[in-house]
Amino acid sequence: MKRSASHTQTVQIVVNGIPRQVPAGISVAAALAQQPPGTTRTSVAGEPRAPLCGMGVCHECRVRIQGRIRLACQTVCAEGMAIDTDAGTAPGIATPCP
Ligand code: FES
C-alpha cells in the first residue's frame, strides 16, 4: 500500500533551541541538512563542517544530542530530541569525538 504525503508522520526536534518538525525515521544528519546552514561543527581551524560519509567513519557529523556527543548520521530523530551543533563557534572548542 502506497502512503500519500498527507500521511507522513513527523517528530518534533529542537535544534540549537529552535523547534523543528521533521519526517519520522530520518537521521539527525538528514534533519540538519534540511535546514540552513546544514553544518554540524566547527573545525579546529574555524571552518564549518557537515556530514560527509554518512556511515559513521568520518566523524564530521559530531553534535550534542541530549547533552551527549553523538554522530548525527548514526542517530535517528526522536520526538523531543534536543540537538546542539557547534557550528559558528570559535576555533579550538570544536565538539570532541564521542
Ligand atoms: S557523516 Fe561521517 S561519521 Fe557521520
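Visitor: What is the order of the elements of the protein from the N terminus on?

Guide: From the N terminus on, the elements run β-β-α-β-β-β-β-β, which amounts to one helix and seven strands; helices (H or I, at least four residues) and strands (E, at least two) are DSSP runs, numbered from the N terminus. This is a predicted model, in which local features need pLDDT of at least 70 and side-chain atom pairs count only at pLDDT 80 or more, while totals for chains, interfaces and linings use all residues. Residues are numbered from 1 along each chain as its sequence is written, and side-chain values use heavy atoms, with hydrogens and water left out.

Visitor: Why is Cys77 called buried, and why is Cys53 called partly exposed?

Guide: Buried means under 20% relative accessible area, exposed means over 50%, and partly exposed lies in between (1.4 Å probe, protein chains only). Cys77 has a relative accessible area of 6% and is therefore buried, whereas Cys53, at 28% relative accessibility, counts as partly exposed. In the protein, buried residues make up 35% of the 98 residues.

Visitor: How do you know that the structure holds zero disulfides?

Guide: A disulfide is a pair of cysteine sulfur atoms within 2.5 Å, and by that criterion the structure holds zero.

Visitor: What makes strand 1 and strand 2 a pair?

Guide: Two strands pair if DSSP finds at least two bridges between them; strand 1 (residues 10–15) and strand 2 have six bridges in the antiparallel sense, so they count as paired. Among the bridge partners in strand 2 are Arg20 for Ile13 and Val22 for Val11. The two strands form a hairpin with two residues between them, and Asn16 in the turn has a positive phi of about 50°.

Visitor: What makes strand 2 and strand 6 edge strands?

Guide: The open sheet of five strands has the order 2-1-7-5-6, with mixed pairing, and strand 2 (18–23) and strand 6 (68–71) are its edge strands, since each pairs on one side only. For strand 6, the partner is strand 5 (residues 62–65), to which it is joined in the antiparallel sense over four bridges, with Arg62 opposite Leu71. Strand 5 and strand 6 also form a hairpin with two residues between them, where Gln66 in the turn has a positive phi of about 55°. Strand 6 has a covered face, Ile69 and Leu71, and an uncovered one, Arg68 and Arg70.

Visitor: What makes a set of residues the largest nonpolar core here, and which of them have the most contacts inside it?

Guide: A nonpolar core is a set of buried Ala, Val, Leu, Ile, Met, Phe, Trp, Tyr and Cys residues joined through side-chain atoms within 4.5 Å. The largest such set has 18 residues, and those with the most contacts inside it are Ile13, Val28, Cys77 and Ile83. Strand 1, helix 1 (28–33) and strand 5 are the elements that give two or more residues to this core, and the largest share, four residues, comes from helix 1.

Visitor: Which residues does Cys77 touch?

Guide: Contact means heavy atoms within 4.5 Å, and, not counting residues up to four places away in sequence, Cys77 touches Val11, Ile13, Val22, Ile26, Ser27, Val28 and Ala31.
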